[in-house]
Amino acid sequence: MTTPSEPDDIFWMRRALALAESVLYTTAPNPRVGCVIVRDGRVLGEGATQPPGGPHAEVCALRDAQARQEAVQGATMYVTLEPCSHFGRTPPCVDAVLAAKPARVVVAIGDPNPLVNGQGLARLRAAGIEVTTGVCAEEALAINAGFISRMSRGLPWVWMKMAASLDGRSALHNGMSQWITGPEARVDGHRWRARSCVVLTGMGTVLKDDPQLNVRGVDTPRQPRKAVVDGRFEIPEDARLFDGAEVILFTAREDAAKAVRLADKNARVVVLPGQEPGRVDLPGMMDWFAKEQFNEVHVEAGAGLSGALVASGCVDELLLYLAPVLLGDAAGMVRLPMLEHLDAARRYEFIDTARVGADLRLRARVAGTWQQLMQRVALPALT
């Protein structure tokens, strides 16, 4: 990996990362990418990837420079992901970069897409353009963990959102859970819903809460899809989540007549039986999401499905909101098998804590999985 040679590289890359974050809700299944073109400490052009079918960040930045009547030849271009080198919905970005003739291109992370995977960087270097890589790499990966995960391991990035008391309780024994946390935490949770490709829950939550599963209180130009794990295909046909938006139902039981009726409500039934009767194949469901180009899965479920997803190794990140209350003898967050030894505990690495209103937001990742992704985005930089 090339060592950054300019003291301002981090500053300008973080500006490009801010541009990538500005399109957090709109680019899927494509990655969120930002680009800034700079000369002598002055921005010549900048842009971010547009919705699918629209121009990518590099092209947007070059068009912005043209609109400002700025010549970019000999300038430095900062881009948060390796420029693509293949024809998709749009032409290869690396062609536009080569035509613009910058003196230097600074890239945060490589693109493990088999159609790119270092080829964009190789073409830039072959044309005599200086390439610097690895600037703000971890920050860039965090913005596109879902895309990188899908491209490198054939799985979406899955986070599980939970709300609990200080003693780890998520609901009273009578099922009451609304609301443990405050309004600010709920809005923050909806921001995480908004950035995902799909919001996933289980039948227990549907029967208990009759949720809408949509994004509310957050300005977003598109809603994520909705999905329910319903092993026995018991979902009520008048459930509130059937509001015209697409709903994906994962079940272990065939019922052609019900599937036809639900299709009229824009529901798609996917039969994925697991090894146990009436259970959905949860790893198979994640494979399905990836093949359907879902980058990020947001889970909000009860203790049963949450525990099953964790036990199946399907959860990459925990998004936990802790309220400053104690509930005592009440229901826990996840239902997992009893352990005999601490060595068998599922361990995570804390990555972030933040005060959200009166509550505390904690984030924790499966450290080994994250490091694997970091290695995959670094590999193209070594070619």
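**Figure 1. Trp 157 in the predicted model.** Trp 157 is buried, its relative accessible area being 1%. The model shown here is predicted. Trp 370 is likewise buried, with a relative accessible area of 3%. Trp 157 and Trp 370 form an edge-to-face aromatic pair, with 5.6 Å from centre to centre and 70° between the planes. This pair connects distant parts of the chain, since Trp 157 belongs to strand β6 (residues 157-165) and Trp 370 to helix α12 (residues 367-378), 213 residues apart. Over the ring of Trp 370 sits the charged end of Arg 365, 3.5 Å from the ring centre.

**Figure 2. The largest nonpolar core.** This core comprises 62 residues, and Met 13, Ile 37, Val 105 and Ile 148 have the most contacts inside it. Helix α1 (residues 9-21) supplies the largest share, six residues. The core lies between domain 1 (7-148) and domain 2 (154-366), because both give residues to it. Not counting residues up to four places away in sequence, Met 13 touches Tyr 78, Val 79, Thr 80, Val 106, Val 107, Ala 108, Val 135 and Cys 136. A second core of 32 residues is separate and includes Ala 164, Trp 288, Phe 294 and Val 310.

Figure 3. Eight aromatic pairs are found in a search of the whole structure. One of them joins Phe 11 and Trp 12 edge-to-face, at 4.9 Å centre to centre and 85° between the planes. Phe 11 counts as exposed at 53% relative accessibility, whereas Trp 12 is buried at 7%. Elsewhere, ring pairs link Phe 250, Trp 288, Phe 289 and Phe 294 into a cluster. Lys 258 lies over the face of Phe 233, 4.9 Å from the ring centre.

How values were computed:
Residues are numbered from 1 along each chain as its sequence is written. This is a predicted model: local features need pLDDT of at least 70, side-chain atom pairs count only at pLDDT 80 or more; totals for chains, interfaces and linings use all residues. Side-chain values use heavy atoms; hydrogens and water are left out. A nonpolar core is a set of buried Ala, Val, Leu, Ile, Met, Phe, Trp, Tyr and Cys residues joined through side-chain atoms within 4.5 Å. Buried means under 20% relative accessible area, exposed over 50%, partly exposed in between (1.4 Å probe, protein chains only). Helices (H or I, at least four residues) and strands (E, at least two) are DSSP runs, numbered from the N terminus. Domain bounds come from an automatic or database domain assignment. Contact means heavy atoms within 4.5 Å. Rings of Phe, Tyr and Trp (its six-membered ring) pair if their centres lie within 6.5 Å; planes under 30 degrees apart count as stacked, over 60 as edge-to-face and the rest as tilted. A charge sits over a ring if NZ of Lys or CZ of Arg is within 6 Å of the ring centre and within 35 degrees of the ring normal.
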